[in-house]
Each structure stands twice: as C-alpha cells, then as structure tokens.
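I am opening a notebook on a structure that I have not looked at before. The entries below follow the order in which I looked things up.

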Amino acid sequence: RERARCAPQVLDPSPAFFRGQLMPFQREGAAYLVNTPRALLADEMGLGKTVQALAAVAELQAYPLLLVVPPHLVTNWQREIRSFLRNADGSEPTVHVLRGLKPYDLPCAQIYIVHYLLLRGWKQALPKLDFAAVIFDEIQELRHSGTEKYSAASLVAEKAPRVIGLSGTPIYNRGGEIWNVINILDFHALGDWESFTREWCYGYGNNIVAKPELLGETLREEGYMLRRTKDAVLDQLPPKRRLVQEIDADDAVYRELMVPAMEALRRLRDARTNFDRARIEDEICQRMRRATGMAKAPYVAAFVRALLEGGEKVLLFAHHHGVMDAYRTALASAHPVFVTGRETAAQKDRAVDAFMTGKTDLCCISMRAAAGLNLQRATCVVFGELDWSPAVHTQAEDRAHRIGQQAHVQVYKLIAKDTIEERILELQNRKLALLDTISGCEEAGILNMSSEELLSLLKS
C-alpha cells in the first residue's frame, strides 16, 4: 500500500483496450484501483464506479475476471462491458453468465458474471478457478458474516491476487459492518473481529463504531478505501447527466401479458384497410409497452431501492397505472408518494409537500402528469417506462433540474433488452438529433411499425 501511494495518481487507459473518456476524478479512481490490489471504491452513486473498475481491468488486462453482482445488475454489466472494453484485435471480451446453483463445466471466457444469490451453490467450485481478479459490485451485500454467501465470497476472494469492492453505501446500519466488507477484500486488514471491536467500537464484541469519522479517515489514509461525493467533484460534472441502463424483466410475466397482443397480431394480418391496420398496430404497441413495464417493475424497484439506500432523492416516472401500482407494493418500505393523475388536487399538493420537506425521498409520477411540478429537492430521475416523445422526458427531468437545484441531477432510463423499449429509445434519439439540427421542426409520426417488425419483437 505504501508503493501504491507513490504510484501515478491518474490513469489514461489504453485506447487499444478501453473505449471511452474518463473525467479527471474517474482517472484518479481508476489509477487507485490499478495501484491497489485489494481496494474499496466507495464513490457516491452516479459517479461511475462501474466505468472506473472497467478502466482498471482494461489497463491490467485482468482476465479471467469474476464479477459478483446483484441479480438486477447482471444485464447492465454485460452492456457496460460491451460499451467500454475491447481486445487488441478490436473484438469484445467474451462473457459467460453463470446459471443455477449446481456447478457445471464453465466454457472458456474472459469475464464470468455470477449474482450473489448463486454464490452458495458455487462455493467449492469458484475458488478452484484461477481468476486474475474478482470484482464485488454493491459489496455491502456482504456486510453480514456467518452466511453461506459470505463464506463463498470469502473463499473466492482469498484465492484471487486482485479484489475490488464497489459500493456507494459500504455501511448500512452499524459501523461494524465495514469490518465484514474490508475482511472480504483483505483478510484481517483491520485485525480480527475482537481486536477491531476493542479498538474502534464500544467494547468487546460491540458493533457500533465510537468514532466513525476517524475510522473513515484511517481507511482512506491507509489506502483501503477511496470515496468521493458529488459535492466534491461537482465542478467536473455536467448539470444533468443521462444514462441508459439495461435492466432485467420477468419473461413469464411478459409472455402472459402478451397473449392478447398475439391475438391482435393475427387480426393485423387480416386487416383490409389502413385505418384498421393503424388501430390494431396501436393496440399491439400499447400492450407491448404495458407488458414490458409490468415485467421489469420488480427490477426497477430494486434499482430504486439501491439509489435510496445511497442517500439519493428520487423521482420515479412511469406511464401505466398498473406499473405504478406494482411500484407502490414493491417500494412500500420507502413510503413513496404518488402523483399519477388519479389524485385530487389536495392529495397532489400533499405528495409534493411530503417530498420537498423530506418526509419521503421517493416520489412516483406519471410522465403525462408531471407538468408544473417543482421538485428540485430530487437528485435522481428514473424512468421506469419510456414515452415515445423525448419532449415528455425532458419536461419530466425538469421537475428536478430547475431554478433552486444546487446539485448535479442524474437521469436514468431503464430499458429491458429485446423489447419495444429499444425501438422507442432508437426513435427518441433520432428525433432528438433532428431537433438539434433543425429549429422548429415538427415531430414525425412514430407508430408506423410494420407487421414484420412487430412480429419480430413479439417473438423476442
């Protein structure tokens, strides 16, 4: 760790292996990960921990790599790998996602991805593989010892020469949880549990840290942890940053909700007039949008919970009432308020007041009901569903990004792979590009998908 402190403090990853540009603080973070074999990157959410970790992997060529991630982030890591990493010959790194609790012979790949719920099944198998590096995303998942998940993570981390932990919230409840996290990265780096609790907590076996600020400073000074907040790097961030993030969806739910759309597709083939075709196409599109929103609702909720646990103040936008009701159930513990168009004016005012006064950090809003709201307390805007019009998204974003907003606003569009949302996003981007170059242009019709395109999406 002394050598790491004397190493270069910024990293410019080789373009032969890394596509993309890092902001100055991200170059520092990537250099920290390269120079520190067992490290915790604890930047606040929205500062790009994933891209910093991938930049370090690219620089080190740390293959084979094991990624341990929450279930709802498997797809997003695959997307980020495709976006940022490449081999010297220009090809993409090969990726294999582990399936099931029962170990099997793994195919040859450069990157392996496993989610935390499967770790216990692979407890004996993974340590036998010669991983050059292991990355634990959202490593706070391992804040509790004594579980099979923790034991499996500990075994695989012990065998790897390089281990990286990523978390915007390494401590959830008790300060002593940081000992479990650091112990995964570097066994007994903070001493054994008894020694740690005597030195840092209120006595033997106690897990409440007496001086958390001093412990945090020690972790940073000793090189175990690097943490930057948005406030610290605000001058390097754009006022509003948009990210498209792939998210999983429940295939069974999607298929069930798409049964009526299949019936409509058969009617589309027999339609005789353009009017009938347009009406049926619109019906299919609406059913596809709703099925997609419902199928990915649990994964959207998991993503939002992670933001809230990181201290973010979130505006969650959707379109369908059924999707909103799913959020209401899945996010009940966060005590969200709702503005969906179904509330009275008084109920709407109470919801806005509750969010703006800090009684809740989550406000769920229908995109078409967002006009006129002032919600500049928000630090994150999440689109759980997409609208055909980019102007609707811009107006929704501006509920947070308004006069009085002092912080950077992070905007996430969560899309499900191989669904109509990919088509919507494509058309949004096309229209935005057109609007950027032609002042005052009128929006073109966008529901002119052919039956072949619809059939292809339905099959997927």
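Which residue forms a salt bridge with R287? I looked it up and found E283, with the closest N and O atoms 3.4 Å apart. I note here that the model is a predicted one.

**Entry 1: the pair in α11**

I placed both R287 and E283 in helix α11, residues 274-309. They are four residues apart, about one turn of the helix. I then looked up their accessibility. R287 has a relative accessible area of 33% and is partly exposed. E283 is partly exposed too, at 21%, which is in the class between under 20% for buried and over 50% for exposed.

**Entry 2: R377 and D361**

I turned to R377, which forms a salt bridge with D361; their closest N and O atoms are 2.6 Å apart. R377 lies in the loop between β11 (362-366) and β12 (380-383), and D361 lies in the loop between α13 (345-356) and β11, so the pair ties together parts 16 residues apart in sequence. R377 counts as partly exposed at 22% relative accessibility, and D361 is partly exposed at 28%.

I also wrote down a network: salt bridges that share partners join E28, D43 and R228.

**Entry 3: E28 and R228**

The side chains of E28 and R228 meet in a salt bridge, 3.8 Å from N to O. I found E28 in helix α2 (residues 24-35) and R228 in the loop between β7 and β8 (240-247), so I recorded a link between distant parts of the chain, 200 residues apart. Is R228 buried or exposed? R228 is buried, with a relative accessible area of 8%. E28 counts as partly exposed, at 39% relative accessibility.

**Entry 4: strand β1**

Next I looked at strand β1, residues 38-41. R38 and L40 point one way from the strand, while A39 and L41 point the other way. I found all of them buried. In a regular strand, side chains alternate between the two faces of the sheet.

Which strands does β1 pair with? Four bridges join β1 to strand β6 (residues 163-166), and the two run parallel. In β6, I identified I164 as the bridge partner of A39. Two bridges join β1 to strand β7 (residues 225-226), again a parallel pair. There, L226 in β7 is the bridge partner of L41.

**Entry 5: α5 against α6**

I checked how helix α5 (residues 148-159) lies against helix α6 (residues 177-185). Their axes come within 8 Å and cross at roughly 35°. On the α5 side I listed Y150, A153, S154 and A157, which meet N180, N183 and I184 in α6. Sorted by type, the residues of this contact are four nonpolar, three polar and no charged.

**Entry 6: E343**

Last, I looked up E343, which sits in the loop between β10 (337-339) and α13. E343 counts as partly exposed at 23% relative accessibility. What does its side chain reach? A polar atom of the E343 side chain lies 2.8 Å from the backbone nitrogen of T340. The backbone nitrogen of G341 lies 3.2 Å from a polar atom of that side chain. Leaving out residues up to four places away in sequence, I found that E343 touches F338 and K348.

Notes: Residues are numbered from 1 along each chain as its sequence is written. This is a predicted model: local features need pLDDT of at least 70, side-chain atom pairs count only at pLDDT 80 or more; totals for chains, interfaces and linings use all residues. Side-chain values use heavy atoms; hydrogens and water are left out. Buried means under 20% relative accessible area, exposed over 50%, partly exposed in between (1.4 Å probe, protein chains only). Two strands pair if DSSP finds at least two bridges between them. Axes are lines fitted to C-alpha atoms, for helices over the stretch in contact, and angles run from 0 to 180 degrees between N-to-C directions. Contact means heavy atoms within 4.5 Å. Ala, Val, Leu, Ile, Met, Phe, Trp, Tyr, Cys and Pro count as nonpolar, Asp, Glu, Lys and Arg as charged, and the others, Gly among them, as polar. A salt bridge is a side-chain nitrogen of Lys or Arg within 4 Å of a carboxyl oxygen of Asp or Glu. A polar contact is a pair of N or O atoms within 3.5 Å; within protein, one must be able to donate a hydrogen and the other to accept it, and residues adjacent in sequence count only if both atoms are side-chain atoms.
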